[in-house]
Amino acid sequence: FTFGDSMNDSLSTFKNWCKEAFRFLLEEHGFALLQEGRQYNPYYVVFGRGDVRLGVSGEGYGTIAAIHYLTPTGFEVPYQCVAADWQPALGKRKKQRTPQSSQQEQIFQAAKLIAERDQDILRGDLARVDAAAQRLQALYARLNR
């Protein structure tokens with residue numbers, strides 16, 4: 001047993017969770033698996049069709065799954081931000097009292113929500129993604145002043 005083997009096992013497990021959770025993209029929406037891994041993070045998977053791309057990034061040493069839409073320029077829009085009622089949580093974050101979902105649970109919960117909520121985006125209508133990207137870019141610009 002070497003460290004490399006354990007990383008390979010966790011990496012293949014992560015990729016399998018992504019493929020299983022987001023299988024509906026391939027089967028129902030004609031998406032393809034476009035990318036596995038990226039510089040600095042092998043725990044990264046991108047699904048896409050045309051201009052619609054969805055990325056899943058494993059972070060926090062296996063504790064966090066960041067799921068986002070990618071704009072044509074590569075800007076990452078977290079899937080939570082395309083919800084009609086999304087508001088940025090600015091200021092001090094409250095300590096979470098609820099136990100954090102596992103990375104696997106986060107991936108499958110996101111996939112379920114995206115399948116139910118984002119049919120317009122999955123069909124190719126990027127209006128909500130573009131609007132969220134504009135809001136986020138404006139927010140980042142204000143925060144970085």
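**Close-ups of the salt bridges**

**View 1. Asp-120 and Arg-128 pair up in a salt bridge, with their closest N and O atoms 2.7 Å apart.** A salt bridge here is a side-chain nitrogen of Lys or Arg within 4 Å of a carboxyl oxygen of Asp or Glu. This is a predicted model, where local features need pLDDT of at least 70, side-chain atom pairs count only at pLDDT 80 or more, and totals for chains, interfaces and linings use all residues. Residues are numbered from 1 along each chain as its sequence is written, and side-chain values use heavy atoms, with hydrogens and water left out. Arg-128 has a relative accessible area of 22%, so call it partly exposed (buried is under 20%, exposed over 50%, partly exposed in between; 1.4 Å probe, protein chains only). The pair also belongs to a network of salt bridges that links Arg-117, Asp-118, Asp-120 and Arg-128.

**View 2. Lys-15 and Glu-36 meet through their side chains in a salt bridge, 3.3 Å from N to O.** Lys-15 sits in helix 1 (residues 3–21) and Glu-36 in strand 1 (residues 32–38), so this contact ties together parts 21 residues apart in sequence. Helices (H or I, at least four residues) and strands (E, at least two) are DSSP runs, numbered from the N terminus. Lys-15 counts as buried, at 16% relative accessibility, while Glu-36, at 38%, is partly exposed.

**View 3. Glu-116 and Lys-112 form a salt bridge, with 2.8 Å between the closest N and O atoms.** The two are four residues apart in helix 3 (residues 103–117), so about one helical turn separates them. Both Glu-116 and Lys-112 are exposed.

Zooming back out, the structure holds eight salt bridges.
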